[in-house]
Amino acid sequence: MVVDDDAVLRRLITDQTALMGFDSTAAASGEEALEALSKSDFDVVLLDIRMPGLSGLDALREIRRMEDAPEVIMVTADTSLPTGLEAMRLGAYDYLTKPSTLDEIEAVIRKADEKRRLVRQNASLRDVVRAPASDSSADDVPALVYGGAAMEGLVALAETAARADSTVVITGESGTGKDVLARFIHARSSRADSPMITVNCAAFPETLFESEFFGHERGAFTGATATKRGLIEAADGSSLFLDEVGEMPAQTQVKLLRFLEEGSFRRVGSTRDRSADVRVIAATNRNLAEDVSAGRFRADLFYRLNVISLHVPPLRQRREDVPVLIEHFLSLYRERFTRPALDLSQEARRRLAEYDWPGNVRELRNALERAVALSAADRIEAEQVLPSQAARAGASAASADAATPSTLEALERQHILRVLEETGGNRERAAALLGISSRTLYRKLREYETGGEP
């Protein structure tokens, strides 16, 4: 929401934030903004300080009293330090001085939005971690759904790892549930009273990674208008989950290694060492040992992270889990869609059991959710849950075009290109369906385009 009494500026910023991809709303006064906030949820508010009636600072005070308050970025023509300090003291995320460029505005909004999403994510996790137990403490932990010996052994190892408080590396293909296992370890650990902080190492631009990770001091770089805590500080006393750690930039790898060895770090632009008590859990779908050999990942960081190693096997290697997972997801969708009679035909269950699931548990869940959402009847047939092309790819097709690839790499390539075709070439949507980052998808497509082996 853009709040400013200047109609021209208000319209300009609202239009520009809409072009940035945000759902933008305008308000001409503090009173109008509070009225809108009482009716709808907003993630970020861009709030002018000097307005007739309720001032921006007074509006900020009211906003910060709200439950689940949005991040507030103050905008002021007053460049004096006391004004900015007062805004930050009252709980503003940051403040901008007029005139600010659209690039500066966008950078601050995106960082505020990222913080908002992290806060919401951690609040959800806190609810899971702190949920009251019924019969045993096992009710406090994220659900690990499985039916076979492979996962049973892995869960037993994870229980032991949780008590050790050492760094953990979880490996496995995309969609196998590495994030769920990480949450399980945190919830079973001595740090469970604090929410686990999660960061997707492939989600940040390389130029912002260090700042987001370690924080920055005011004036450390262009756009750093205020001091900001990083994710390391946010995770003090808790666990930090580094998803897709293999995508971490080389410069950040060096500083993470120092933090793991010494427990200290420096914000960007600072000469002061800070300390934090953080337990690191990392996950990757890459072969980090190969990345070390190829010079893509630091060997010393790999050995420092890899104190405890847990591998989540792909779903095709634990087919006994498929029926249990099907019933788990069907139970969720029966409740979500209020369809208690919802079920699969026997042919649908057979096809699901025989498919290789290159996208693993995430792909199985997406396939079931899509079928449920699009099915008018309570009985879901095989073609609805697994379209014929996908079924042929998993079951030995007669057609040459749909023949099962001879290697896992070729199967992955075929699946990625098929999903990209089904999404009309939309790479962001394809990456979301595949359960990988856009950066990982782009890298794989570049490999395919150059004619190299995937």
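Why is helix α7 (residues 178–187) largely enclosed by the rest of the structure? In this predicted model, local features need pLDDT of at least 70 and side-chain atom pairs count only at pLDDT 80 or more, while totals for chains, interfaces and linings use all residues. Residues are numbered from 1 along each chain as its sequence is written, and side-chain values use heavy atoms, with hydrogens and water left out. Helix α7 is largely enclosed because 7 of its 10 residues are buried. Buried means under 20% relative accessible area, exposed means over 50%, and partly exposed lies in between (1.4 Å probe, protein chains only). The buried residues of α7 are K178, L181, A182, F184, I185, H186 and A187.

The chain as a whole has 20 helices and 16 strands. These elements are DSSP runs, numbered from the N terminus, with helices taken as H or I of at least four residues and strands as E of at least two. Of the 454 residues, 48% count as buried. The accessible surface comes to about 21700 Å², and carbon and sulfur atoms account for 49% of this area. Accessible areas come from the Shrake-Rupley method with a 1.4 Å probe; for residues, only the protein chains shown count as cover. Contacts (heavy atoms within 4.5 Å) were also counted by sequence separation. Among those with a separation of 6 or more, 68% join residues 24 or more positions apart.

A salt bridge is defined as a side-chain nitrogen of Lys or Arg within 4 Å of a carboxyl oxygen of Asp or Glu. The chain holds 38 salt bridges by this rule. One of them pairs R286 with D291, with 2.7 Å between the closest N and O atoms. R286 has a relative accessibility of 17% and so counts as buried. D291, at 3%, is likewise classed as buried.

A salt bridge also links the side chains of R336 and E369, at 3.0 Å from N to O. R336 belongs to helix α13 (residues 321–336) and E369 to helix α15 (residues 360–374), so the pair ties together parts that are 33 residues apart in sequence. R336 is partly exposed, at 45% relative accessibility. E369 is partly exposed as well, at 28%.

The side chains of R379 and E381 form a further salt bridge, with an N to O distance of 3.0 Å. E381 has a relative accessible area of 35% and is therefore partly exposed. Salt bridges also link E347, R350, R351, E354 and E383 in a network.
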